[in-house]
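Please look over the sequence and the structure, and then read on.

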Amino acid sequence: MDRILIVEDEEKLARFLELELAHEGYAVEKAFDGRTGLDLAENGGFDLILLDVMLPGMSGLEVLRRLRRTDAVPVIVLTARDAVMDKVTGLDMGANDYITKPFEIEELLARIRAALRSGGHSDPASSGVLVSGGLTLDPARRTVLWNGTPVALTNREFELLRTLMRNRGIVMTREKLLEQVWGYDYAGETNVVDVYIRYLRQKIDDAFGVKLIHTVRGVGYAFRDAEGR
């Protein structure tokens, strides 16, 4: 049974979510402030966290920042904010998904299922180390190295790079990348792929003077090693 932590200071909403998730077969715990939520998240062995942004004691984004130092548990951020930069900040800090209040419970449940599939339970076929020239990606350790030098990536950047490397030489459309990295239930704009491709290029291609991530105009993106294979 998957265990879900709800970190939400609106007690009525937290209780509603608890009942709905329990009805779906999840084991649920709740926290009503950021510090308690962080303590539970770090010690509770949860499979997924629903995390509000505006929390007493410690903001949801600060909880997320601290949690990502040691834990890759899937996190869906819940917030009343709808500004693009707030969404980008949450995702860039390591959130797996972002949903704006008010939301339909069916949509949230679909996003939870997608996050559990893509973020928390790797299958054996996808657990192997990926190597391309000087670039090494280790899914088990959640590390990326360029000739031994660590490359700091957010969770979303890591999953995007892993998907590209697993499909080396294959042109991936934006829609296909959204499906495999964000989950097929994702309902945002496809240009989020372009934003994260740019982040990866800045941290790898530009930083180390290589060209691994190629744009195929009008189609999408392809990963090729430095020799173009």
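## Terms and basis

Buried means under 20% relative accessible area, exposed over 50%, and partly exposed in between, with a 1.4 Å probe and protein chains only. Helices (H or I, at least four residues) are DSSP runs numbered from the N terminus.

The model is predicted, so local features need pLDDT of at least 70 and side-chain atom pairs count only at pLDDT 80 or more, whereas totals for chains, interfaces and linings use all residues. Residues are numbered from 1 along each chain as its sequence is written, and side-chain values use heavy atoms, with hydrogens and water left out.

## Helix 7 and its partner

In helix 7 (residues 174–182), the buried residues are Leu177, Leu178, Val181 and Trp182. Seen down the helix axis, these residues fall within an arc of 105 degrees (taken from the directions from the axis to the C-beta atoms), so they line one face of helix 7. After helix 7 comes Gly183, whose phi is positive, near 100 degrees.

The axes of helix 7 and helix 8, which are lines fitted to C-alpha atoms over the stretch in contact, with angles running from 0 to 180 degrees between N-to-C directions, come within 9 Å and cross at roughly 75 degrees. Helix 7 is therefore roughly perpendicular to helix 8, a term that covers angles of 65 to 115 degrees. In this contact (heavy atoms within 4.5 Å), Arg174, Leu177, Leu178 and Trp182 of helix 7 meet Val192, Val193, Asp194 and Tyr196 of helix 8.

Notes. Helices (H or I, at least four residues) and strands (E, at least two) are DSSP runs, numbered from the N terminus. Angles under 35 degrees count as roughly parallel, over 145 as roughly antiparallel, 65 to 115 as roughly perpendicular and the rest as oblique.
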